[in-house]
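Take a walk through this protein chain with the structure open beside you. Keep the sequence at hand as well, and look up each residue as it comes.

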Amino acid sequence: MDIEVKVLVPGDSWEQLRQLIPAGTDDKKREVWFFEAVVNGEALLKSRELILRARTNRKKNKADTTAKLRRWIPNYDAILQAWTALEGFKSEYDAGGDPSGVAADQDAGGVPAWSLTIEPEDPADLFKLTDHDIAVEHLFNHHQRVLLEHVWPQLPWGQLKPLGPIDSVKWAALHDLSIEQWTIAGETLFEVSKRGEKEAAAAIAADIRQHLTALAIPSSGNGEGKTAWALKRLIHAQPS
């Protein structure tokens, strides 16, 4: 199984991180949005490890939506085999904010992440997310909705509102690493990641740490992951 090992890096580490990006490397700029039902300051989907996200690139007139869950579910192997047949489906072990950077599994004490990403033929509605009356359910296709409703059959689609935008920039870096920067209201977080086989998770994590340590770059050790980091700030910025 393919995995993505991720390590969060503090936002003040740019001068060191940029040394990992070859000169002339193109950056991939997008806006990231989440869809949430916020009750008493709590993100209800995230509390169940469910994520609905959109990414937009106005310059290229492209966008995509992702439905993602991070948890074990019954009959995992059988359901995984069925979902894998869908284009845009990805099964991975997401390290999130784990300080070790190791994406774990049931044997190692963690959970897998499943996601289904779709690029709509007409992305027009995804460029109108500042319209908070938008019908979020219609931004996601049948399979994306089923993936999350398998976990939460009564998912409150009607309560979901767009939270964002997050300014995202991503680079392909040396040593097969990827570096992504998220910025919200002037506050920045970096994520350094690398893909590989599940069985190699510990070795991949050690490889990332080695490259960061060589440049005196600490991991953030915030223990929450990039999505949780973003949602806290987006919710705090909402009008009371």
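The second largest pocket of this predicted model has a volume of about 390 Å³. Its lining is made up of 14 residues. Lys28, Lys29, Arg30, Asn57 and Lys60 are the closest of them to the centre of the pocket.

Is Thr66 buried or exposed? Its relative accessibility is 2%, and a residue under 20% counts as buried, so Thr66 is buried. Look at what surrounds it. Setting aside neighbours within four places in sequence, Thr66 is in contact with Ile51, Leu52, Arg53 and Arg55, among others. Further along the sequence, the contacts of Thr66 include Ser115, Leu116 and Thr117, as well as Phe140 and Gln144. With Thr117 there is also a polar contact: the two side chains are joined at 2.7 Å.

Next, go to helix α6, residues 226-236. How many of its residues are buried? The count is 8 of 11, so the helix is largely enclosed by the rest of the structure. The buried residues are Lys226, Thr227, Ala228, Trp229, Ala230, Leu231, Leu234 and Ile235.

Then turn to helix α1, residues 14-17. Glu15 lies in this helix. A polar contact of 3.3 Å joins its side chain to that of Arg18. Glu15 also shows how the chain folds back on itself in space: Leu215 is 200 residues away in sequence, yet the two C-alpha atoms are 9.7 Å apart.

Finally, step back to the whole chain. Its secondary structure comes to 6 helices and 11 strands. The chain has 240 residues, and 48% of them are buried. What share of the contacts between residues at least 6 apart in sequence join residues at least 24 apart? The share is 71%. The chain exposes about 12100 Å². Carbon and sulfur atoms supply 47% of that area.

Conventions:
Residues are numbered from 1 along each chain as its sequence is written. This is a predicted model: local features need pLDDT of at least 70, side-chain atom pairs count only at pLDDT 80 or more; totals for chains, interfaces and linings use all residues. Side-chain values use heavy atoms; hydrogens and water are left out. Buried means under 20% relative accessible area, exposed over 50%, partly exposed in between (1.4 Å probe, protein chains only). A polar contact is a pair of N or O atoms within 3.5 Å; within protein, one must be able to donate a hydrogen and the other to accept it, and residues adjacent in sequence count only if both atoms are side-chain atoms. Contact means heavy atoms within 4.5 Å. On a 1 Å grid over the protein atoms alone, a cavity is a set of points where a 1.4 Å probe fits but cannot get out, and a pocket is an open set with protein on both sides within 12 Å along at least five of seven lines; lining residues have an atom within 4 Å of a point. Grid points are joined across faces, edges and corners, and a volume is the space filled by probe spheres set on the points. Helices (H or I, at least four residues) and strands (E, at least two) are DSSP runs, numbered from the N terminus. Accessible areas come from the Shrake-Rupley method with a 1.4 Å probe; for residues, only the protein chains shown count as cover.
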